[in-house]
Amino acid sequence: HQRMYAKRRNAAAAAGEYVSTSAANLTMRSIPHTIVRSNDYQRTAHTNATFRQATDRRLISALDKHLREPQTLLFYDGAMFESTVNGDDYSYSQVLFMRESPPLQDLETW
């Protein structure tokens, strides 16, 4: 599904609304699905340190404002996702097809 919003529409609110309406549609059609809250992780720049869950509210707020990533993710067999990799001089985006949704335990611990 694709939706277009006016520029002033909050991206996070639009993504949340999309997840809610899509989940309701999947429920109505008896299609199994899982909604998982996304988490922000951080590590010291330019190191191989282990990622840890971000706890600094200013950092999380800045990530939410600039990256505009959804706060909840909807998983179901056949879902489509867009994955983006950003580097210093490039940005690459690709559409991904989820043939089979992972088990809930994997989604909660990944």
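1. The structure is a predicted model, and the points below should be read accordingly.

2. The largest nonpolar core consists of 10 residues. Its members are Val19, Ala23, Leu26, Val36, Leu74, Phe75, Tyr76, Ala79, Met98 and Leu107. Two elements, helix α1 (11–28) and strand β4 (72–75), each contribute at least two residues to this core. The greatest contribution is that of α1, which supplies 3 residues. As a general matter, nonpolar side chains in soluble globular proteins tend to be buried together.

3. Val19 is one of the core residues. When neighbours within four places in sequence are set aside, Val19 is in contact with Ile35, Thr72 and Leu74.

4. Val95 belongs to strand β6, which covers residues 91–98. Val95 counts as exposed because its relative accessible area is 56%, and the cut-off for exposed is over 50%.

5. Ser22 is located in helix α1. With a relative accessibility of 8%, Ser22 is classed as buried, since buried means under 20% relative accessible area. The side chain of Ser22 comes to 2.9 Å from the backbone oxygen of Tyr18.

Notes. Residues are numbered from 1 along each chain as its sequence is written. This is a predicted model: local features need pLDDT of at least 70, side-chain atom pairs count only at pLDDT 80 or more; totals for chains, interfaces and linings use all residues. Side-chain values use heavy atoms; hydrogens and water are left out. A nonpolar core is a set of buried Ala, Val, Leu, Ile, Met, Phe, Trp, Tyr and Cys residues joined through side-chain atoms within 4.5 Å. Buried means under 20% relative accessible area, exposed over 50%, partly exposed in between (1.4 Å probe, protein chains only). Helices (H or I, at least four residues) and strands (E, at least two) are DSSP runs, numbered from the N terminus. Contact means heavy atoms within 4.5 Å. A polar contact is a pair of N or O atoms within 3.5 Å; within protein, one must be able to donate a hydrogen and the other to accept it, and residues adjacent in sequence count only if both atoms are side-chain atoms.
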